[in-house]
Amino acid sequence: MGQTETGHSLEFTLPYNRYVDSDVFAEEKEKIFHNSWILAGHTSQVKNVGDFFTFDIADQPLIISRDKNNEINAFYNICPHRGSKVEKSVSGNKRVFMCQYHGWTFQLDGKLNKAPNFPTNELGKHSCMTKVSLEVYKGMIFINLNPKAEPMAESYGELMESLEKYTFLDSLKKIRVKERVIDANWKAVVDNYLECDHCKIAHPEFSKTFDMKNYHIDLHDNFSCQYSKMTKKADEEQEEHANFYWVWPNLMISIYPGENGNMTTSQILPLAPDKSLAIYSYYFKDDHIIEEQEELIRFVDQVREEDFGLVEFLQNGFNTKAFNRGVYSPKEYAIKYFHKRYREEMQDV
C-alpha cells in the first residue's frame, strides 16, 4: 500500500505481468477455466433430438447435444481411440457422430456406437467420449470441466435467486450471435466491464441514456449487478430498470425487462495472454426482430466496440516498464472484488 496526499492508503491492482505472462495464462486455464461453471450455449441451439453445437473453452473442445431421450449432454469432442477431434462442424443435426480418422461412431450421448476392427466388449472405459458436467438454468447451458464439480447452486445460489424474478427468461431463444477477437487479456475485458468511471469519456451515448449520477454497482457472492434509470424517463413512472450482471469468471448478462423482455450475454474466452474471443448473443421471444430490438442491438454493439478499443489500447501498457501494477479508485470496488476472487482461485498471496 501507498499513501495519497490526503493520507488515505492506496490499494494496488493485480500485477501487470498477470496480463501478459504465458506461464500465468497456462495456470489460469487450469485453475480457473477448467474448474468453473462456464456458459457454453442455450437450449434453443439444441431444440430437437440430434441437434448439437461445438464449444471450445481454454483449449478443450466440447460437443453439446440433445440425445434420443431428449436429454442434453456435454462431452469432449475427442475420440478415445487415438485422440482425434470427432466433429468438425460448428453446429448441426446428426444421428451419430463419426470420427474421420478411423471411422469410430458415437451416439448422441457420447457412448460408442461402432468401433471398426475392435471387439466392443474389450474396450471398456475407452469406448465412450468423456462426459462433462452440465447444468441448465433459465435456458442457459453451463458446463464444468472438473469431474468433481459441486452443483451450480453451491457457488451461484444468490445469482439464481436474483434471476428468478425474470419469468420471461425461460421463453427466450438465441436469435443472433456475433464474435470478435480482442487483442487483450481476458481479465482486462472484465476489469473494464466492472467500472463505469470511463463511461462519460468513452461511452457518450450510454452516458446520455442512463443517469450516471445515480449509477449503482452492487457486489454479491460470485457476481455483481450494475443498474441505473434511463435519463429520458427520469420524470416518468419507469418500468423496472435493466440489470447488467457480471458472473465469475468471464460472463456478462444484460437483462432488459418489460413488455418485450430480452437478454444479451457476453462470453470472454481466453485464447492467449494478449488475446480473447468475445461471443455476444441476443435472446428474444420471437425469431422476428422488431425495430426497437434492432436499435437495442445497435446500441449494445456500439458500447462493446468502444470498450474493445479501450482494452486493446490498455493491453499495450501492460508490456511496458513504466509501472508494475495499477491502483484502485474508490469507485472500482467491483474490480477489487474480481481480483480478490482471482487471487483465491490462483492461490496468490
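Predicted model: local features only at pLDDT ≥ 70, side-chain atom pairs only at ≥ 80, totals over all residues.
Good morning. Glu305 counts as partly exposed, because its relative accessibility is 36%; the term covers the range between buried, under 20% relative accessible area, and exposed, over 50%, with a 1.4 Å probe and protein chains only. Residues are numbered from 1 along each chain as its sequence is written, and side-chain values use heavy atoms, with hydrogens and water left out.

Glu305 has a partner in Arg180: the two form a salt bridge, with their closest N and O atoms 3.2 Å apart. By salt bridge I mean a side-chain nitrogen of Lys or Arg within 4 Å of a carboxyl oxygen of Asp or Glu. This pair links distant parts of the chain, since Arg180 lies in strand E14 and Glu305 in helix H6, 125 residues apart. Helices (H or I, at least four residues) and strands (E, at least two) are DSSP runs, numbered from the N terminus. Arg180 is partly exposed, at 22% relative accessible area.

A further salt bridge joins Lys178 and Asp301 at 2.3 Å, N to O. Here too strand E14 holds the Lys and helix H6 the Asp, 123 residues apart. Asp301 is buried, with a relative accessible area of 13%, whereas Lys178 is partly exposed at 28%. In total, the structure holds 19 salt bridges.

Which residues have the most contacts inside the largest nonpolar core? They are Phe55, Ile57, Leu62, Ile64, Ile143, Tyr245 and Ile255, in a core of 87 residues. Helix H6, residues 291-318, gives the most to this core, with eight residues. A nonpolar core is a set of buried Ala, Val, Leu, Ile, Met, Phe, Trp, Tyr and Cys residues joined through side-chain atoms within 4.5 Å. A second, separate core has 14 residues, including Phe97 and Leu108.

Those two residues lead us to Ser65, in strand E6 (residues 60-66). Is Ser65 buried or exposed? Ser65 counts as buried, because its relative accessibility is 0%. Its contacts (heavy atoms within 4.5 Å) beyond four places in sequence include Phe97 and Leu108. The Ser65 side chain also reaches the backbone oxygen of Leu108 at 2.4 Å.

Finally, Trp248 sits in the loop between strands E17 (243-247) and E18 (251-256). Trp248 counts as buried, at 3% relative accessibility. Thank you.

Key. Polar contact = N/O pair within 3.5 Å; in protein donor to acceptor, adjacent residues only side chain to side chain.
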